[in-house]
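Hello,

Here is the structure I promised to pass on. My notes on what was found follow below it.

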Amino acid sequence: MNRYRYPAIPESEVTPRELLHTRRRVLKGGLALGAAAVAPGLLWPREGQAWQGLLEQRLATGLPSQELAGGESPTSLRDITTYNNFYELGTGKRDPEIYGHQLVTDPWSLAIEGEVDKAGTFALEDVLKHQDLEERIYRLRCVEAWSKVIPWVGFPLADLLKRHEPTSRARYVVFETIHDPDNLRGQRRGVLDWPYREVLRIDEAMHPLTLMAVGLYGEVLPNQSGAPIRLVVPWKYGFKSIKSVVRIALVEERPLTSWEERNPEEYGFYANVNPEVDHPRWSQARERRLGESGRRETLMFNGYAEEVANLYSGMDLQRHY
Amino acid sequence: MTQRTAIHAFRLLVLMGCSAPALWLAWQWFYGDLGVVPGEAVVHFTGTTGLSLLLITIAFSPAFRFTGWVGFMAARRQIGLWAFFWLVAHMLAWMGLDQYWDWPWIRREMVELPYIRYGAAALLLLVPLALTSFRRAQQGMGRTAWHWLHRLVYVSALLGVVHLWILTRADYLLPSVFAAVLFALVVFRLIDAAIHRQ
């Protein structure tokens with residue numbers, strides 16, 4: 001296990017943690033006073049704030065870290081958080097950063113339903129309190145032929161699913177993003193059929209590399225990166241790694257994914273990173289790593305072939321793209 | 001204001017309007033405001049500007065027909081050449097800032113990617129138009145031949161819109177606007193031709 005080293009950030013840019021929390025306390029104090037003047041009942045933190053507090057506490061405790069990007073150094077936080085695809089916030093690469101505040105993450109609950117013995121809708125803090133968090137450094141390869149290396153914080157999806165006891169009929173896992181067109185400007189336009197939906201085969205979902213991420217660079221996930229909880233499937237194109245998940249359903253019959261519905265020729269169900277299967281309109285053989293000039297060769301299964309190729313043994317990957 | 005001054009002022013306005021985006025782009029580049037992949041931003045910006053100017057160039061003829069003001073005809077060559085300039089810049093930005101002058105890859109992309117081919121064809125069609133845009137060329141060719149040749153601008157604009165359309169991933173707002181404008185311009189041109197034939 002390689003110890004992960006953070007890229008150098010000038011000391012001047014870092015707010016000391018004590019100060020950060022003092023500032024927050026001052027802010028919260030101010031807010032509480034204001035609230036107290038209006039309604040004494042609001043003096044106590046609202047239920048929804050619980051997940052933030054819980055997550056920040058856990059993030060502060062030094063998490064185990066696994067470097068799984070072949071020794072490549074992580075992309076800068078700026079590049080990771082200012083060049084995103086998150087159509088709910090707009091189709092421009094900077095839109096998710098600019099309009100990130102439109103995503104209301106507090107309170108947040110996650111529905112886990114379908115073919116599970118323990119179905120229900122759970123406040124995010126209740127989901128988080130059962131999970132051990134860890135850091136995982138993964139490559140991320142977008143279907144648009146750019147890539148990043150990202151230090152996620154999260155937990156294996158398998159842990160969460162097992163806790164809810166899937167039945168023998170659970171063959172696929174369906175994920176849905178929040179649907180909130182009142183706030184999310186992108187959802188007021190029919191670019192995709194909202195809410196965004198992704199699907200994994202149950203063995204893909206249970207694979208130890210498949211992560212539910214809640215943090216990035218040791219901090220709470222920024223909104224543009226899919227806060228407060230998102231999927232990360234490092235061997236598939238980025239669009240499979242659905243953001244801001246509100247619903248996970250285990251099902252027997254597989255529904256279409258949002259991109260499949262939009263254009264099945266271009267966005268297959270599997271969407272495994274494969275330099276030999278081109279997108280109909282562009283090559284997938286190379287990629288632009290953000291922060292680098294030039295192009296690098298795209299790796300089979302995004303460099304995770306050793307771990308995941310067996311999931312697809314015997315399958316014609318030209319056909320099942 | 002005399003007619004002459006008005007035309008001069010309009011030509012100056014076109015000059016400023018078509019060069020200002022270059023200054024803006026240079027400014028953004030210099031201050032690092034073009035985002036994580038500045039090369040990509042330059043490619044998009046030059047292409048959008050070039051195609052917009054190409055459509056505006058085409059729109060100068062109907063603008064003249066509607067208003068009868070010769071200023072549009074007096075500035076048409078200038079704005080057409082600006083469109084050509086921006087589209088050449090677009091191609092160079094793609095080759096240099098996006099492909100890093102990697103010739104084998106540039107060739108491969110041209111062979112494999114339809115939208116690159118459409119874009120290249122659109123630009124190639126504009127070359128004879130730019131070369132024959134000067135008065136002497138126009139006189140040498142004869143007006144009829146010159147007019148026929150310069151109708152290629154419609155084909156070039158169409159290829160440009162197709163280029164943008166097929167490289168778009170999901171959000172078709174911009175290509176739809178370009179397509180609608182081009183459609184309106186073509187319809188106008190056909191109606192105008194029909195009226196004149198009578």
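From the N terminus on, chain B runs α-α-α-α-α-α-α-α-α. That makes 9 helices and 0 strands. Helices (H or I, at least four residues) and strands (E, at least two) are DSSP runs, numbered from the N terminus.

Please note that this is a predicted model: local features need pLDDT of at least 70, side-chain atom pairs count only at pLDDT 80 or more, and totals for chains, interfaces and linings use all residues. Residues are numbered from 1 along each chain as its sequence is written, while chains are lettered from A and ligands numbered from 1 in the order in which they are written.

**Chain B overall**

The C-alpha atoms of chain B fill a box of roughly 50 × 35 × 35 Å along the principal axes. Of the 198 residues, 24% count as buried. Buried means 20 or more other C-beta atoms within 10 Å of a residue's own; exposed means 12 or fewer, and partly exposed lies in between, with C-beta atoms placed from the backbone.

Contacts need C-beta atoms, placed from the backbone, within 7 Å. Among chain B contacts between residues at least 6 apart in sequence, 67% join residues at least 24 apart.

The unreviewed UniProt entry annotates "transmembrane region" at residues 12-31, 51-72, 79-95, 115-134, 146-166 and 172-191 of chain B. UniProt positions are in the numbering used here, feature names are shortened, and annotations may be inferred rather than shown by experiment. Residues 172-191 are 95% helix and 0% strand, with end C-alpha atoms 28 Å apart. Residues 51-72 are 86% helix and 0% strand, and their ends lie 19 Å apart.

Helix α8 (residues 152-167) has 16 residues and should span 22 Å at 1.5 Å a residue; its end C-alpha atoms are 23 Å apart, which agrees. The expected span is 1.5 Å times one less than the number of residues. Its buried residues include B:Val153, B:Gly160 and B:His163. Their cover includes α2 (38-67), α5 (114-131), α7 (143-150) and α9 (173-197) of chain B.

B:Gly50 lies in helix α2. It is buried, because 25 other C-beta atoms lie within 10 Å. B:Gly50 touches B:Ala83, B:Trp86, B:Leu87 and B:His90, not counting residues up to four places away in sequence. The C-alpha atoms of B:Gly50 and B:Ala83 are 4.8 Å apart, though 33 residues separate them along the chain.

**Chain A and the cores**

The unreviewed UniProt entry annotates "domain: Oxidoreductase molybdopterin-binding" at residues 105-258 of chain A. This span is 11% helix and 38% strand.

A:Lys243 sits in the loop between β10 (230-232) and β11 (245-251). It is buried, because 31 other C-beta atoms lie within 10 Å.

The largest nonpolar core has 66 residues; A:Trp152, A:Val173, A:Ala213 and A:Leu231 have the most contacts inside it. Apart from it lies another core of 25 residues, among them B:Cys18 and B:Phe84. A nonpolar core is a set of buried Ala, Val, Leu, Ile, Met, Phe, Trp, Tyr and Cys residues joined through C-beta atoms within 7 Å.

**Between the chains**

17 residues of chain A are in contact with 11 residues of chain B.

Best wishes

Notes
Contact = placed C-beta atoms within 7 Å.
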